[in-house]
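Colleague: I would like to learn how to read a structure feature by feature, beginning with the terms and then turning to the case at hand. Could you take me through one?

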Amino acid sequence: MKKTKTSEKRPRRLFATTAAILLACTALISDSRWRLDVEEYELSSARLPDTFDGFRVVHLSDLHRVRFGKDNFRLVEKVQQAKPDIIALTGDFVEGDTDLAEIESLCAQLVQIAPTYFVSGNHDAGSGRLREIGTMMARCGVIYLQNSYRTITKNGKELVICGVEDPNAWAEMPTPDELVSTLRAEHPDTFVLLLGHRNYWPDRYPDLDVDVILSGHGHGGIIRLPFVGGLLGTNANLFPKYDAGVYDTQQYSMVVSRGLGNFPGIPRIFNPPHIPVIVLKSQ
């Protein structure tokens with residue numbers, strides 16, 4: 001039987017359609033893996049002094065051994081363009097066998113842009129290398145907040161930055177509410193910015209007396225569905241509650257980063273690496 005022109009075209013159309021779908025999927029995964037998404041959030045507080053109005057915080061989380069160009073130049077460039085007053089690193093920068101020299105190189109560049117603060121995440125704690133990490137952070141000028149806090153002074157007014165270690169870090173650590181209680185004994189009315197890797201704060205500590213919390217951990221739900229949000233939580237739960245963005249409670253606002261690196265074994269989809277920029281405003 002002689003083939004018709006229509007029957008000859010069908011395999012070509014199928015091939016072209018399949019190739020187009022594969023190219024689209026490749027482009028989507030590449031975009032979700034490498035395009036750095038800078039997102040600005042403006043948060044207001046009556047406790048923030050006027051001298052800190054417009055104070056800018058760049059928030060980086062969950063690097064998980066990923067590099068954005070040689071010496072992370074693309075990441076550093078984005079941070080620099082955001083013009084931060086401080087940089088907050090909220091954990092999971094180290095895996096078990098991560099070369100700490102790579103993290104040190106990145107941190108050494110960040111501290112040249114703005115004062116940089118770090119708290120540990122569950123992967124940092126799980127690496128068993130927290131003491132090495134602390135030594136490395138100190139060497140390159142990063143302030144590692146190990147259940148501790150620092151005061152930032154500007155024109156005679158104060159802001160407190162407080163950092164909570166990951167709960168897997170050490171035995172017999174103070175709880176976050178104990179840490180904040182100690183802080184408040186010294187700074188009863190000061191604006192407090194808290195760094196804590198895990199994103200469970202409104203459920204675990206809804207009454208914590210702080211003003212803004214920065215966290216990561218959730219990877220934005222790993223796979224994000226348009227108009228829906230994150231699909232998978234880090235505990236394999238569907239549609240996680242706190243996947244990305246700002247969550248307001250009666251006590252504080254929490255900003256959750258979608259993170260920079262991949263959740264182990266699962267590629268990011270519709271979920272490009274995230275750089276939140278928090279702009280503090282006084283009321």
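Modeller: Let us begin with a term: a residue is called buried when its relative accessible area is under 20%, exposed when the value is over 50%, and partly exposed in between, with a 1.4 Å probe and protein chains only. By that rule H219, at 3% relative accessibility, counts as buried. Please keep in mind that this is a predicted model, in which local features need pLDDT of at least 70 and side-chain atom pairs count only at pLDDT 80 or more, while totals for chains, interfaces and linings use all residues. Residues are numbered from 1 along each chain as its sequence is written, and side-chain values use heavy atoms, with hydrogens and water left out.

Colleague: What is the value of phi in H219, and where is that residue placed?

Modeller: Phi of H219 is near 55°, a positive value in a residue other than glycine, and H219 lies in the loop between β9 and β10. Here the strands (E, at least two residues) and helices (H or I, at least four residues) are DSSP runs, numbered from the N terminus. In the loop between β9 (212–215) and β10 (224–225) there is also H217, which has a positive phi of about 75° although it is not a glycine. H217 is buried, with a relative accessible area of 11%.

Colleague: How should I read a helix, and which residues of α2 are buried?

Modeller: The general idea is that an α-helix has 3.6 residues a turn, so residues three or four places apart point the same way. In α2, the buried residues are L75, V76 and V79. They cover an arc of only 95° around the axis, which puts them on the same side of α2; the arc is that of the directions from the helix axis to the C-beta atoms. Q80 and Q81, on the other side of α2, are exposed. The buried residues pack against β2, β3, α3 and β14, where contact means heavy atoms within 4.5 Å. Just after α2, K83 takes a positive phi of about 55°.

Colleague: Which residues are buried in helix α5?

Modeller: In α5 (residues 130–140), the buried residues are L130, I133, G134, M136, M137 and C140. They cover an arc of only 165° around the axis, which puts them on the same side of α5, whereas R131, A138 and R139 on the other side are exposed. The cover over the buried residues includes α3 (100–113), β4 (116–118), α4 (122–126) and β5 (143–144). After α5 comes G141, whose phi is positive, near 95°.

Colleague: Now for strands: which residues of β3 are buried on its faces?

Modeller: In a regular strand the side chains alternate between the two faces of the sheet. Strand β3 (residues 86–89) has both faces covered, with I86 and A88 buried on one side and I87 and L89 buried on the other. Strands β2 (residues 55–60) and β3 run parallel and are joined by four bridges; two strands pair if DSSP finds at least two bridges between them. L60 has L89 in β3 as its bridge partner. From β2 the chain crosses through helix α2 (residues 73–81) to β3 in a right-handed β-α-β crossover, a term that applies if, with the strands pointing away from the viewer, the path from the first strand over the helix to the second runs clockwise.

Colleague: What is the strand order in the open sheet of six strands?

Modeller: The order is β6-β7-β8-β9-β13-β12, with mixed pairing. β6 (148–154) and β12 (245–248) stand at the edges, each with a single partner strand, so one side of each is left without a neighbour in the sheet. The twist averages 20° from one strand to the next. β12 pairs with β13 (residues 253–256) in the antiparallel sense over four bridges, and Y247 has M254 in β13 as its bridge partner.

Colleague: Which residues touch the most other members of the largest nonpolar core?

Modeller: A nonpolar core is a set of buried Ala, Val, Leu, Ile, Met, Phe, Trp, Tyr and Cys residues joined through side-chain atoms within 4.5 Å. Of the 33 residues in the largest one, L60 and L75 touch the most other members. Two or more residues come from each of β2, α2, β3, α3, α5 and β14 (274–282). Apart from this core lies another, of 23 residues, among them L43, F55, I143 and L280.

Note on methods:
Axes are lines fitted to C-alpha atoms, for helices over the stretch in contact, and angles run from 0 to 180 degrees between N-to-C directions.
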